[in-house]
Amino acid sequence: MTPDLRYPALSDLKAACKGRVPWFVWEYLDSATGTESVKPRNRAALEQVLFRPAVLRGPIVPQLGTRFLGQDYAMPVGVAPVGMSGLIWPGAEAALARMAQTTRLPYCLSTVATRLPEEIGPIAGDMGWFQLYPPKDPSIRADILARARKAGFRVLVLTVDLPGPSRRERQLRAQLAIPPKLTPSMLWQIAQRPAWALGTLRHGQPRLRLMEDYLKLDGNAPSTAHPGYLLRAAPDWDYLHAVRKLWDGPLVIKGVMDAQDAPRLRDAGADAIWVSNHGGRQFDGAPAALHALREMRAILGADMPLIYDGGIESGLDVLRALAFGADFTMLGRGWHYALGALGAQGADHLAQILRDDLASNMMQMGLTHAKDAYSQLWTHGPAPES
Ligand SMILES: Cc1cc2nc3c(=O)[nH]c(=O)nc-3n(C[C@H](O)[C@H](O)[C@H](O)COP(=O)(O)O)c2cc1C
């Protein structure tokens, strides 16, 4: 049976994933922070965007290919950085990088991945982006960027929406520490998920390998420090200028929600702004990312490249984000629900779901190019009577 018959939508992959990963892993992947109001807010904002169906336009051949930051991609969709990806599904980083390379979508490797840039860069090839959580120490920062560059990553994503830790109560209830420390209850949960357990045995214990490299060298680190200790910098504008100087390729600033920041980011040399509320994992008081996106596009005008993430589940959602001003969209959890459901094959299957759904909805809307989605926005209202 083809996966399309059993898992035609991301919701099917999500349900299957829940039954195949240990509970504490599910809580890590699926949770947000506080009352988790941002996740449904992101979804509701997307669902409120409606389009006019088009009729009598003859045959439509949707062109999904998109040029973005100097590179051609198969569609305006990519893989957002997810820390500890290899905890969620064994071998996740390599599987996603491979899917990205064969499907021609960007894959953004997190600073806190379980695999090193040197391992994943060659697999992602020209589809590789690298995400930086700001290290405190400038020499570590410079070294990480040099390693990412050498490993073949072309685009740098600086994440700026973690000025401090967030409580993420669901993770606390699941007793999840990063990196994970196994409790008897977790061992019991693992025993009930044999495919995950065997995969993890094969791939080795998920660890923050990149940061571990530096922790070994840091004489000041407390003996109990975990590798994230080195990342606890709250960056400022000077930090951004320093990163801009160090990276000669495209630089994307991720996690921007306030449109007032956007012009200054552009002036500081950002090549793109990634509008995101971190999927609701940082600040429960944040608005829907889609509304921030719209404000940002209004302030910046047409030229500044904008990326959107938060709650995307389908090709239709991609069109909604493009209609509100995005040039490109990303999914974080979605790819991992797919891996949890079907292993590496899940990532390919989700790419196909998104591609087919994008094309099918473009035909309903009479669009050859996805970037023209705004022209079919229902919220324009009926044309004024002349
Ligand atoms: C489990 C998990 C880990 C994440 N880790 C990172 C990370 O290491 N770096 C980062 O910039 N964003 C991280 N994010 C945020 C994602 O890049 C992305 O902004 C978010 O997941 C988008 O929302 P979505 O999951 O609804 O698609 C993480 C998100 C999740 C769910």
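Entry 1, Leu 56. I looked up Leu 56 and located it in the loop between helix 4 (38-47) and strand 1 (66-68). The model is a predicted one. I noted that Leu 56 has a positive phi of about 55°, although it is not a glycine. Is Leu 56 buried or exposed? I found 5 other C-beta atoms within 10 Å, so Leu 56 is exposed, the cut-off for that class being 12 or fewer.

I then turned to Arg 104, in the loop between helix 6 (92-103) and strand 4 (107-109). Arg 104 is a residue other than glycine, and its phi is positive, near 70°. Because 16 other C-beta atoms lie within 10 Å, I recorded Arg 104 as partly exposed.

I checked the UniProt record: its unreviewed entry carries the annotation "active site" at His 278. I placed His 278 in the loop between strand 8 (272-275) and helix 15 (289-300). His 278 counts as buried because it has 23 C-beta neighbours inside 10 Å. Leaving aside residues up to four places away in sequence, I listed Asp 161 and Gly 255 as the residues that His 278 touches.

Which residues come nearest to the ligand? Of the 23 residues around the ligand, I noted Ala 80, Gly 83, Ser 110, Gly 279 and Gly 332 as the nearest. Helix 3 (23-30) and helix 17 (333-342) are the elements that give two or more residues to this shell. Sorting the shell by class, I recorded eight nonpolar, 11 polar and four charged residues.

Technical notes. Residues are numbered from 1 along each chain as its sequence is written. This is a predicted model: local features need pLDDT of at least 70, side-chain atom pairs count only at pLDDT 80 or more; totals for chains, interfaces and linings use all residues. A residue is near a molecule or strand if its C-beta atom, placed from the backbone, lies within 6 Å of it. Helices (H or I, at least four residues) and strands (E, at least two) are DSSP runs, numbered from the N terminus. Ala, Val, Leu, Ile, Met, Phe, Trp, Tyr, Cys and Pro count as nonpolar, Asp, Glu, Lys and Arg as charged, and the others, Gly among them, as polar. A residue is buried if 20 or more other C-beta atoms lie within 10 Å of its own, exposed if 12 or fewer, and partly exposed in between; C-beta atoms are placed from the backbone. UniProt positions are given in the numbering used here, feature names are shortened, and annotations may be inferred rather than shown by experiment. Two residues are in contact if their C-beta atoms, placed from the backbone, lie within 7 Å.
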